[in-house]
Amino acid sequence: MTLSRLLLTTALLAATALPAAAQEPPPPRPTAQQGAQDGAPAQPPAAPAAEPETATQSGEAPAEPVEGAPLTYGLAGPYLAARMAAVQNDFLAAARYYQVAVQNDPGNRYLQDSALVALISAGQIDRAVSLAQTMSDQNGRTELSGLVDRARLAREGDWQALLDLLGSDAPTEASPQGPELLDGMLRAWAELGAGRASEAMADFEALTSVQGAAPMVNYHLALARALAGDFEGAESLLQDQETGAHILGYIVHAQVLAQLDRRDEAVALLDSVPGVEAEPALLALRERLQSDEPVAFDVIDTPQDGIAQVFLTFATALMQGAEPEPLSLIHARLGAWIAPDLIEARLMVAQLLMAHQQLDLAEAEFTALREMGEVRPIAELSRIDALSRADRYEEAEAAANALTEANPDLPQAWIAKGDVLRQQNKFGDAIPAYDRALELLGEDAGDARWFPLYARGIALERNGQFDRAEADFLAALQLRPDQASLLNYLGYSWIDRNENLEQGLELIRQAVELAPTDGYILDSLAWAYYRLGRYQDAVEPMEQAVLTMSGDPVVNDHLGDVYWMVGRQREAEVQWRRALSLNPGPDDDVDPDRIRDKLERGLDAVLAEEAKAPAPRRAAEPRSEADAGPAEEGAEAGETEATPGG
């Protein structure tokens, strides 16, 4: 993360707090008035009626009933159910239960804010707006309800009311930077909406002094100037590489250049975008620029669109990092609600929902996008990966097939298809997909070839074609000699085949140095020592593997075998029983009957009967390139930041 992005994120986090942080949560059980009156149990309030369960293009997600929701009385039941649902990111259930809790304790600001978070996250914005208005009428606004009120007034185009609200909620001395940035940008767009363009431009220019915010503010100033017809002024701002370095920014800049009759520069700009071949919107714009078709400036049509992009910008900055801030989804949802045609906001909502493992809600967004004619390969790749991680392989495979059909020349689409097939053990079908990806990449693609080579090697090895697999592994190692999972897989395969034993052991040692806490790699090292007859050397890495993967039946079984070979028979039996207690299934490379046989007769007798070493576990294989090892700094090759974050 750049320094400017870090400073910006800090400012944004100061701008809006999550539910009433200074308040105590409600008590964990109802009061006498809440729970019962005159000795009779209180009846639960009617749950909010479910709205029709249909996908919409308005930015408002349909409400859905919670299947099997328990009957709850008073405050305690709904509150605890809501808290549990929120912890699990089950936004629909959390929204339902928090609304019931609010009905039991109507003035509780903590519950009201919590309900707002759940409702917005679930996409039930109209209900959130109604609740925010109720809060304003009751006890005044919280920061979150005020954010919802701002979005409502912007969507309605009630510019004077929005300006009045922004004036009444001026930033405090305690945390001026965040509110100044958010409200300042909203105020500038509201001034433009009210017909006061000069004041709007001055407001934007004043905000560039906020530390770390200049690129983001200048992007919005460029949008405002272009909307007002000042394309030269907009282009002068967009010349700065930090201003608009994202998909929307490139489209804005190209469209502005087109208005200035500088089409050749616009085409050159789009050609310079990393991964342009994976962005249909950029390709379509480039094609129009190269033809005689007119190209209008249509990224935004109204100040409402500009404010929607403010919310999108905040969402983008807040989603940086391994675990995005919850506020990121809230801002993205509000942006999509204000401007339902803002594709980037809908995409961000879908991607954030996938990150929260809310795949059904994400699918509703993807379905709406497809109905709008917008299918972005980068987003579809994320969707395919999320579906496969949730073991929804049939849907993932269908999505991968659709992506390769729609984008037959996109290597990443074929890699994703191969990954999904490989994860289902369809190794023979996966090989041609990787073949096509490597063909499209070409021999000169360099580092971009390492993972499809590795993945194809796994498919070939599992399909009984080890000679071809070995060639792929070695070619991948030439490109990524420090890739731990690749070193482990090839070394493990050699030792398993009783080939190149010392070389295989050395590869696994290198993998352990690179990933010393990876249980699968430690298991591989121990197994290598075992196959070489170095049983005592196998003990320590095998024990470390069990410490990191205590719930894995295979490593417990392996540790039992190692203990037996060094004369620790009683401990071996403990590990074998532990392995059986973990209920190994058909996907685990362990035979429960064989473990029972070892417990009954001992490992020596079982090996003598088999006349071979125990069947090994296959080397761990990654689902996708993201699982193969630490990511490179910056974006993956071919990936372009999709939304405006400065």
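At what angle do the axes of helix 10 and helix 11 cross, and within what distance do they come? The axes of helix 10 (residues 197-207) and helix 11 (residues 214-227) cross at roughly 165° and come within 9 Å. The structure is a predicted model, in which local features need pLDDT of at least 70 and side-chain atom pairs count only at pLDDT 80 or more, while totals for chains, interfaces and linings use all residues. Residues are numbered from 1 along each chain as its sequence is written, and side-chain values use heavy atoms, with hydrogens and water left out.

**Overall composition**

- The protein contains 33 helices and 2 strands; these are DSSP runs numbered from the N terminus, with helices (H or I) of at least four residues and strands (E) of at least two.
- Of the 646 residues in the protein, 52% are buried, where buried means under 20% relative accessible area, exposed means over 50%, and partly exposed lies in between (1.4 Å probe, protein chains only).
- Among contacts in the protein with a separation of 6 or more, 62% come from residues 24 or more positions apart; a contact means heavy atoms within 4.5 Å.

- Two packed helices are described by the angle between their axes and the distance between the axes.
- Axes are lines fitted to C-alpha atoms, for helices over the stretch in contact, and angles run from 0 to 180 degrees between N-to-C directions.
- The crossing at roughly 165° makes helix 10 roughly antiparallel to helix 11, a term for angles over 145 degrees.
- Met201, Phe204, Glu205 and Leu207 in helix 10 are in contact with Val217, His220, Leu221, Ala224 and Arg225 in helix 11.
- By class, this contact has 6 nonpolar, 1 polar and 2 charged residues; Ala, Val, Leu, Ile, Met, Phe, Trp, Tyr, Cys and Pro count as nonpolar, Asp, Glu, Lys and Arg as charged, and the others, Gly among them, as polar.

**Residues with positive phi**

- Most residues other than glycine have a negative phi.
- Asp391, which is not a glycine, has a positive phi of about 60°, and Asp391 is found in the loop between helix 20 (377-389) and helix 21 (393-406).
- Asn500, also not a glycine, has a positive phi of about 45°.
- Asn500 lies in the loop between helix 26 (484-496) and helix 27 (501-514), and counts as partly exposed because its relative accessibility is 36%.

- Residues 411-444 are 82% helix and 0% strand, with end C-alpha atoms 14 Å apart.
- Residues 450-483 are 79% helix and 0% strand, with end C-alpha atoms 10 Å apart.

Technical notes
Parallel < 35°, antiparallel > 145°, perpendicular 65-115°, else oblique.
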